[in-house]
Amino acid sequence: MIHPKKEKMTGRRKRAIRVRKNMHGTAERPRLSVNRSIKHISAQLIDDDKSVTILGISSDSENFRGKKVEGAKTGLAKEVGKMIAEKAKEKGVTSVIFDRGGYLYHGRVKALADGAREGGLKF
C-alpha cells in the first residue's frame with residue numbers, strides 16, 4: 001500500500017505535468033511558475049527555450065521577513081505577485097504564461113496571480 005502522503009504528492013505532480021505539457025516559456029513570454037508550501041509561496045520566471053530561470057521571488061526571502069500584511073499568507077502571496085511583476089518589468093518582461101503547478105487556481109495561487117496582474121504583467 002502507498003503511504004497517503006506519497007499518494008497525495010504523486011497526484012499533485014501528475015496534475016503539474018498535465019498542466020505544463022501544453023505550455024512553453026520563451027524569452028519574450030516566460031513561464032510564471034508557482035510553488036506553494038505550507039508556510040511560504042514562491043514564483044519563478046522561466047525561459048524554457050534556454051532552460052534558465054530569469055528571476056525568482058519567495059515569501060521566505062529577506063524582503064518579506066517580519067512584514068505584516070492583511071490576510072496573512074494570502075496577503076503575502078499577493079505581495080509576492082506584485083514584487084515579481086515589478087522585477088519582471090525591470091528585466092523587460094511584460095507578458096507571461098501562468099503555470100499553477102498542479103495547484104488549484106484558488107486562494108494563495110489566485111492571490112499571487114492577481115498581485116502579478118496588479119503589478120502590470122499580462123497573462
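Rings of Phe, Tyr and Trp (its six-membered ring) pair if their centres lie within 6.5 Å; planes under 30 degrees apart count as stacked, over 60 as edge-to-face and the rest as tilted. By that rule, ring pairs link F98, Y105 and F123 into a cluster. The model is predicted, so local features need pLDDT of at least 70 and side-chain atom pairs count only at pLDDT 80 or more, while totals for chains, interfaces and linings use all residues. Residues are numbered from 1 along each chain as its sequence is written, and side-chain values use heavy atoms, with hydrogens and water left out.

**Figure 1. Overview of the chain.** The chain holds 3 helices and 4 strands. Helices (H or I, at least four residues) and strands (E, at least two) are DSSP runs, numbered from the N terminus. Their order from the N terminus is α-β-β-β-α-β-α. The radius of gyration is 15 Å, close to the 14 Å of the globule rule for 123 residues, so the chain is as compact as a globular protein of that length. That radius is taken over C-alpha atoms, and the rule is 2.2 Å times the number of residues to the power 0.38. The C-alpha trace spans about 50 × 35 × 20 Å along its principal axes.

Figure 2. Of the 123 residues, 38% count as buried. Buried means under 20% relative accessible area, exposed over 50%, and partly exposed in between (1.4 Å probe, protein chains only). The accessible surface comes to about 7800 Å², and 51% of it belongs to carbon and sulfur atoms. These areas come from the Shrake-Rupley method with a 1.4 Å probe; for residues, only the protein chains shown count as cover. The chain carries 29 positive and 14 negative charges, whose mean positions are 7 Å apart. Lys and Arg count as positive, Asp and Glu as negative; His and the chain ends are not counted. Each charge is placed at NZ of Lys, CZ of Arg, CG of Asp or CD of Glu.

Figure 3. A search of the whole structure finds 2 aromatic pairs. In one, the rings of F98 and Y105 have centres 6.0 Å apart and planes at 85°, so the pair is edge-to-face. In the other, the rings of F98 and F123 have centres 5.2 Å apart and planes at 20°, so the pair is stacked. This second pair links distant parts of the chain: F98 sits in strand β4 (residues 97–99), and F123 in the segment after α3 (108–118), 25 residues apart. F98 is buried, at 16% relative accessible area. Y105 is partly exposed at 35%, and F123 is partly exposed at 30%.

**Figure 4. Y103 in its loop.** Y103 is found in the loop between β4 and α3. Y103 is buried, with 6% relative accessibility. Contact means heavy atoms within 4.5 Å. Beyond its neighbours within four places in sequence, Y103 contacts R12, V34, N35, R36 and V109. R36 is 67 residues away along the chain, yet the C-alpha atoms of Y103 and R36 are separated by 8.1 Å.

**Figure 5. I41 and its surroundings.** I41 belongs to strand β2. Its relative accessibility is 2%, so I41 counts as buried. Leaving aside neighbours within four places in sequence, its contacts include V34, I57, A77, V80 and L112. Across the chain, 59% of contacts between residues at least 6 apart in sequence join residues at least 24 apart.

**Figure 6. The buried side of α3.** Which residues of α3 are buried? They are R108, V109, A111, L112, A113, G115 and A116. These residues pack against β1 (31–36), β2, α2 and β4. Just after α3, G120 takes a positive phi of about 115°.

Figure 7. Most residues other than glycine have a negative phi. S51 is not a glycine, but its phi is positive, about 55°. S51 lies in the loop between β2 (41–47) and β3 (52–58). At 66% relative accessibility, S51 is exposed. A72 also is not a glycine, and its phi is positive, near 50°. A72 is placed in helix α2 (residues 72–90). A72 is exposed, with a relative accessible area of 52%.
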